[in-house]
Amino acid sequence: MAVNGTGVRGPLVVLDPTDESAPDARTAIARPASLDGLRVGLLDISKPRGDVFLDRLAELLAERGVTVRRYAKPTFTKPMPPDLRREITTECDVVIEALAD
Amino acid sequence: MDLREDGLVAVVKRDCPTCRLVEPVLAGLSRTGELTVFTQDDPAFPDGVADLRDDTELSASLALDIETVPTLVRFAGGVEAGRVVGWSRAQWTELTGVADLGEGLPEHRPGCGSRTLDPDVAEQLLVRTRGGALRSRRLEISALEDEAEALFDRGFTDGLPVVAPTPARVLRMLEGTSHAPDEVVAVVPPNLAEATVEKVAVNAVLAGCRPEYLPVVLAAVEAACTDEFNAHGLLATTWGAGPAIVVNGPVRAEIGMNWAGNALGQGNRANSTIGRALQLVIRNVGGGRPREVDRAALGHPGKVGFCFAEDEEGSPFEPLAQSRGVPAGRSAVTVFAAEGPRGVADQISRRPESLARSLALGLRGVVHPKLVRGFDATLVVCPEHARVFAEAGWDRARLQAALDEYLLLDRAEITRGAGGVDEGVPAGDSDRPLAKFRPGGLLIVHAGGGAGMFSAVIGGWAGGPGGSAPVTREVDPWR
């Protein structure tokens with residue numbers, strides 16, 4: 001409860017404990033209706049057996065005539081290196097990421 | 001404010017009996033034409049003073065750094081040449097050069113506290129004089145809102161109530177460090193937001209810290225936001241560990257930390273709030289919230305905050321911080337990945353080898369009894385167990401070496417499928433025993449009450465460069 005200089009209770013002022021970043025208003029882009037003509041990337045975050053899942057996915061996509069580019073994070077425990085993120089964004093239209101264990 | 005270049009300045013308040021006592025003295029001095037009186041409460045007091053100034057806003061009192069009224073100050077050439085606090089005939093006579101002051105008054109009488117020091121006023125003055133240094137966005141909680149509820153609603157808490165971070169409280173918190181509020185302490189994951197000293201102070205207020213804890217919190221934030229500690233990975237993993245802090249050095253006693261009975265438990269303000277402040281910085285500044293980037297499947301209660309001090313005085317071991325390179329006599333924090341602690345009882349062993357084997361059995365269960373080298377751990381040796389090592393002349397290195405030896409696990413016992421359990425290490429082409437922990441993956445700390453042969457194992461998380469390694473930082477640079 002705050003009392004201002006005139007003795008009348010006013011709003012309590014507190015300091016923002018956050019980083020004050022505006023809420024991220026970005027939304028996911030629309031899911032493509034088809035993969036025809038799109039550049040598809042497969043991202044392995046280096047969790048065990050993620051490669052098993054992605055290998056099978058690559059096979060299934062190849063049957064549909066879609067070729068893929070493969071990427072891997074150095075370790076799943078840390079954020080993606082910025083260079084790898086740039087590489088993927090310049091080389092792919094669509095990315096499929098494997099989480100596994 | 002218009003202070004005299006030359007002459008006398010008195011600061012008084014009607015509420016003070018000593019000020020009322022010297023009222024006629026001030027009136028007499030006023031007739032010399034060289035006296036200005038600032039009055040803190042009643043602008044009409046004292047009577048008979050020609051140059052009487054209203055200082056109910058206390059600006060002059062602050063500028064003159066008045067702690068007691070009456071205070072009489074002499075200026076010469078715009079510079080303070082002397083001051084007298086309270087009433088003393090001899091001192092007032094010397095300062096004013098006027099003889100026979102205060103006829104009929106006692107020889108001396110102490111003054112009263114200046115209004116600038118009244119608790120309710122002091123808070124407003126603090127914000128008025130120093131609030132401009134604060135950069136954080138100001139949020140208003142309306143008079144119709146409950147303050148505690150409003151802070152929950154805004155998402156600032158860990159699920160427990162927090163202390164409202166008013167500008168006055170944050171300014172008082174900042175008195176705990178000499179560092180500027182806008183200095184960047186660390187870049188906090190997961191959002192990689194810069195945490196300034198001020199933001200850390202705001203969160204320390206939320207957590208319930210006292211200002212003298214702030215250097216410890218700042219050092220912990222610095223340590224936790226290093227690449228080695230990898231707070232991002234520790235937060236994001238589905239494993240349940242969180243950051244814990246062990247404090248070494250003189251600061252432990254200075255701020256009243258607990259390293260004795262119930263050292264890992266509740267009930268000590270410094271232990272409870274320092275760990276909480278670190279977690280609130282990660283939550284609020286870094287944006288690391290449970291069920292968002294914090295993906296823990298289970299977590300544990302110590303994720304609200306986990307901080308304790310090492311018992312150095314009663315320890316047979318070199319303090320943890322010293323074993324990690326901090327010079328003796330200096331204070332430091334070591335942050336490490338921590339699950340909740342689990343007790344290891346051994347009330348029989350009096351031989352160090354036997355006791356070390358017991359503790360090794362307790363450590364073997366970390367992450368899974370059949371898994372090795374992935375996860376780090378911390379062993380908290382209680383005083384009654386430490387006594388066994390002390391009497392045998394075992395130091396930290398000797399115990400560490402024994403544990404390393406006893407934690408070489410027989411591959412046949414831990415291979416997948418062994419013991420009817422499919423989990424375990426993959427079958428290898430060698431039958432050499434496997435070390436439970438990576439080199440440097442086991443911390444040893446001494447803490448606890450004097451009774452009870454119960455040490456504790458604190459499991460960690462994936463250790464080393466691919467996960468999180470313990471990090472030690474000195475506290476003193478943050479004072």
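Predicted model: local features only at pLDDT ≥ 70, side-chain atom pairs only at ≥ 80, totals over all residues.
Let me begin at one residue pair: B:V380 stands opposite B:A456, a residue of strand β21 in chain B. When I say strand or helix, I mean a DSSP run numbered from the N terminus, where helices are H or I runs of at least four residues and strands are E runs of at least two. Residues are numbered from 1 along each chain as its sequence is written, and chains are lettered from A and ligands numbered from 1 in the order in which they are written.

That opening pair belongs to the pairing of β17(B) with β21(B), which is antiparallel and runs over five bridges; two strands are said to pair if DSSP finds at least two bridges between them. What is the order of the strands in the open sheet? The four strands of chain B follow one another as β16-β21-β17-β20, and the pairing is mixed. At the edges stand β16 (341-345) and β20 (442-446) of chain B, each of which pairs on one side only. From one strand to the next the twist averages 25°, where axes are lines fitted to C-alpha atoms, for helices over the stretch in contact, and angles run from 0 to 180 degrees between N-to-C directions.

Is strand β21 (residues 454-462) of chain B mostly covered or mostly uncovered? Eight of the nine residues of β21(B) are buried, so the strand is mostly covered, since a residue counts as buried if 20 or more other C-beta atoms, placed from the backbone, lie within 10 Å of its own, as exposed if 12 or fewer do, and as partly exposed in between.

Next, the cores. In soluble globular proteins, nonpolar side chains tend to be buried together. A nonpolar core here is a set of buried Ala, Val, Leu, Ile, Met, Phe, Trp, Tyr and Cys residues joined through C-beta atoms within 7 Å. The largest one has 113 residues, and those touching the most other members are B:A204, B:V216, B:V217, B:A220, B:V221 and B:I245. Helix α9 (residues 214-224) of chain B gives the largest share of this core, nine residues. If we set aside neighbours within four places in sequence, B:A204 is in contact with residues including B:M173, B:Y213, B:V217 and B:A277, contact meaning that the C-beta atoms, placed from the backbone, lie within 7 Å.

Chain B is also divided by its domain assignment, whose bounds come from an automatic or database source, into domain 1 (7-117) and domain 2 (149-478). The C-alpha centres of these two domains of chain B lie 57 Å apart.

Now to the place where the chains meet.

I will end with some backbone details. Most residues other than glycine have a negative phi, and most peptide bonds are trans. The bond from B:V69 to B:P70, however, is cis, with omega near -10°, and B:P70 sits in the loop between β4 (68-69) and β5 (71-76) of chain B. Likewise, the bond from B:P189 to B:P190 is cis, with omega near 5°. As for phi, B:D65 has a positive value near 55° without being glycine, and B:D65 counts as exposed because it has 12 C-beta neighbours inside 10 Å. B:R291, also not a glycine, has a positive phi of about 65°, and B:R291 is exposed, with 8 other C-beta atoms within 10 Å.

Terms used
Contact = placed C-beta atoms within 7 Å.
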